[in-house]
Amino acid sequence: MEIVEALQRAIDASAEVVGTTSPNPPVGAAILSSDGNLVGVGATQPPGGAHAEVMALQAAGAQAHGGTAVVTLEPCNHTGRTGPCAAALVAAGIRKVVYVHSDPNPIASGGADFLRAHGIIVEQVSAQVTPLEPWLAATRLGRPHVTWKTAHTLDGFTAALDGTSQWITGEQAREYAHADRAQRDAIIIGTQTALVDRPKLTARKPDGSLYKHQPLRVVIGSREVPGDFLHYSSPSECLLELWKLGARNVLLEGGAGLATSFMQQGYIDAIHAYIAPAILGDGRGVLTAPIATTIQQAERYHMRRVVQLGNDVLLDLGK
């Protein structure tokens, strides 16, 4: 198997555990034997469990000796609730390590240097997109990475003049959005949305059953709301406290007012815009106040993916 194929297996393993590993990163790893066969694949376990490299080494067993480890993140070089993965790779007799992202956490970084010091060939490669992006950004920012989710018509309205908004997008888009919820550490809404819409904020499968992983349910605002939400007074307090709870990848689903507040404070790192091919002409917009007065001052994001969901389109945008 080629390195590029092994890397894709590692990325796929990483994707399968997104939402279950925070505050640790959802890393994926693949082990190739000395003759190039795939002999082990692993991913980070929930906090306190084994890291991806250890899981892949366990799957590979003795066949890892003399082989190659392909990992989505630089192997860690510190002892926390588990031992250092760099040392585990050395102990297993790995000959070469290939990784994508350098570890931005100064406490855990240094694995590549440790491996080289122990005679292991180390190579860093690039990948267009990996499931680690939100965790990497959160680690650099020192707060959870925030994705703003909005569903609106082609002309930019989230509700009609009479307030009706169900359903702007179709069934496939809603199913996709629920699967995405299951990969987040928390969902954030405002008190207005909580009081008017009474959302469950659960991640549900098409048959109505719940996904195994459920995000924290968070509300921001000064009014009391029914239900077992985590309640904070402001975006700054919310992100600070969620970070302390271990959240690294959160979804903002609040109304236009809360989205405007997050945007004005520079807290929106990515956008999931679900766009329906419908025209209203007037109604409620996605924001309640200007973000820029000239086109040169506009907040710019780059296109990561375009996903067709039935008759709707998802624009996945990043900074």
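Predicted model: local features only at pLDDT ≥ 70, side-chain atom pairs only at ≥ 80, totals over all residues.
1. Let's begin with the five-stranded sheet. The sheet is open, its strands are ordered E2-E1-E3-E4-E5, and the pairing is mixed. Strand E2 (38-43) and strand E5 (121-124) are the edge strands, each pairing on one side only. On average, neighbouring strands here are turned by 15° against each other, ignoring direction.

2. Inside that sheet, have a look at E1 and E3. Strand E1 (residues 28-32) pairs with strand E3 (residues 68-73) in the antiparallel sense, over four bridges. Helix H1 (residues 3-16) lies across E1, E2, E3 and strand E4 (96-101), and runs at about 145° to E1.

3. Now the eight-stranded sheet. This one is open with mixed pairing too, and you can trace its strands in the order E10-E9-E8-E11-E6-E12-E15-E14. Strand E10 (230-232) and strand E14 (302-309) each have a single partner strand, so one side of each is left without a neighbour in the sheet. From one strand to the next, the twist averages 20°.

4. For a parallel pair in this sheet, go to strand E8 (residues 186-190) and strand E9 (residues 216-220), which are joined by five bridges. Isoleucine 187 has arginine 217 as its bridge partner in E9.

5. On to the aromatics: the count comes to two aromatic pairs. Tyrosine 176 and tyrosine 274 have ring centres 6.5 Å apart and planes at 65°, so the pair is edge-to-face. Since tyrosine 176 lies in helix H6 and tyrosine 274 in strand E12 (residues 270-276), the pair ties together parts that are 98 residues apart in sequence.

6. What about the largest pocket? It holds about 1,200 Å³ of space. There are 37 residues lining it, and the closest to its centre are Lys149, Ser165, Thr193, Asp197 and Glu253. Elements giving two or more residues to the lining include strand E6 (145-153), helix H7 (191-197) and helix H9 (256-264). H6 gives the largest share, five residues.

Definitions and conventions
Residues numbered from 1 in each chain as written. Heavy atoms only, no water. 1 Å grid on protein atoms, 1.4 Å probe; cavity = no way out; pocket = protein on both sides within 12 Å on 5 of 7 lines; lining within 4 Å. Points joined across faces, edges and corners; volume = space filled by probe spheres on them. Pairing = 2+ DSSP bridges. Axes fitted to C-alpha atoms, helices over the stretch in contact; angles between N-to-C directions. Contact = heavy atoms within 4.5 Å. Phe/Tyr/Trp six-rings, centres within 6.5 Å; stacked < 30°, edge-to-face > 60°.
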